Amino acid sequence: MNAEQKIQFQNSKGDKLAAILSNPTGDMTKPIVVMAHGFASNKNSRSNTKLVERFDQLGIASFRFDIWGHGESEGNFEDITITEAVDDILQAIKFLKSLDYSRIALVGSSFGGAAAMEVASQTTNLFALALKSPVSDYAEEQLHVRGQEGIDAWKSDGFTLYESNRGGKIKINYTLYEDFLHHSGYQVAPNISIPTLIVHGDQDEEVPVAQSIKTSKLIPNCKLVIVEGAKHSYQEGRHENEMLEAITGFIEEIAKTL
């Protein structure tokens, strides 16, 4: 039996978001993990699909979806904001609750991790949060990647071109940066009360590992795993396996206590 099911649900604006539900047991009383991908990625990213494989083997259901403007979801990518991503995750949780899932965990990666932190600080509908190389301070991260001149040019032009990891350049509006100035992982971290895991590579070239070290100290119940030698994409086998094992093991351990 194929456990995967293609699904559409809506965000608060009524736009359609594409998702894949994988429930290896068919039991909706068991835990399910919502998965929020990174910037310019999609629900079928390598790390998402690898995590789903492991969750399936553990009998844990998963719900991976395309954030607005990404993958098969509706929306114009260049108009994406963190506010939109937060709403998308909240609507995904609401949708699963409408299907009678009640034991929900959240995994967020990079940009999706930034949104996931904010969601976890707002809702009481989650039992655990796992963050993979999350962006805690977007302004700092962009300064790290672009430099001040790059940010100033972005503001002046109203948009910038982003190098997609799948090749080619894609347009993103300055409204993304502006919106992020009102959203800080450091500010919401103290309001996250559920067990939390942060996994971050100490050679991350995109999001400084120092961000996750700081955030881990601000979340009351947080475990930090630093993967030595790992970059943002965790491409090498050992680095990827360490990240996958940390996240799935963390969710499995807490799920057993429910």
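View 1. With 33% relative accessibility, Phe 159 counts as partly exposed (buried is under 20% relative accessible area, exposed over 50%, partly exposed in between, with a 1.4 Å probe and protein chains only). This is a predicted model, where local features need pLDDT of at least 70, side-chain atom pairs count only at pLDDT 80 or more, and totals for chains, interfaces and linings use all residues. Residues are numbered from 1 along each chain as its sequence is written, and side-chain values use heavy atoms, with hydrogens and water left out. Phe 159 sits in β7 (residues 159–163); strands are DSSP runs of E of at least two residues, helices runs of H or I of at least four, numbered from the N terminus. Beyond its neighbours within four places in sequence, Phe 159 touches Trp 154, Lys 171, Ile 172, Asn 173 and Tyr 174 (contact: heavy atoms within 4.5 Å).

**View 2. Helix α3 (residues 111–122), largely enclosed by the rest of the structure.** Here 10 of the 12 residues are buried, among them Phe 111, Met 117 and Glu 118.

**View 3. Helices α1 (residues 46–58) and α8 (residues 237–255).** Their axes come within 10 Å and cross at roughly 45 degrees (lines fitted to C-alpha atoms over the stretch in contact, with angles from 0 to 180 degrees between N-to-C directions). That makes α1 oblique to α8 (under 35 degrees is roughly parallel, over 145 roughly antiparallel, 65 to 115 roughly perpendicular, the rest oblique). Residues in the contact include Leu 51 and Phe 55 of α1 and Leu 244 and Ile 251 of α8.
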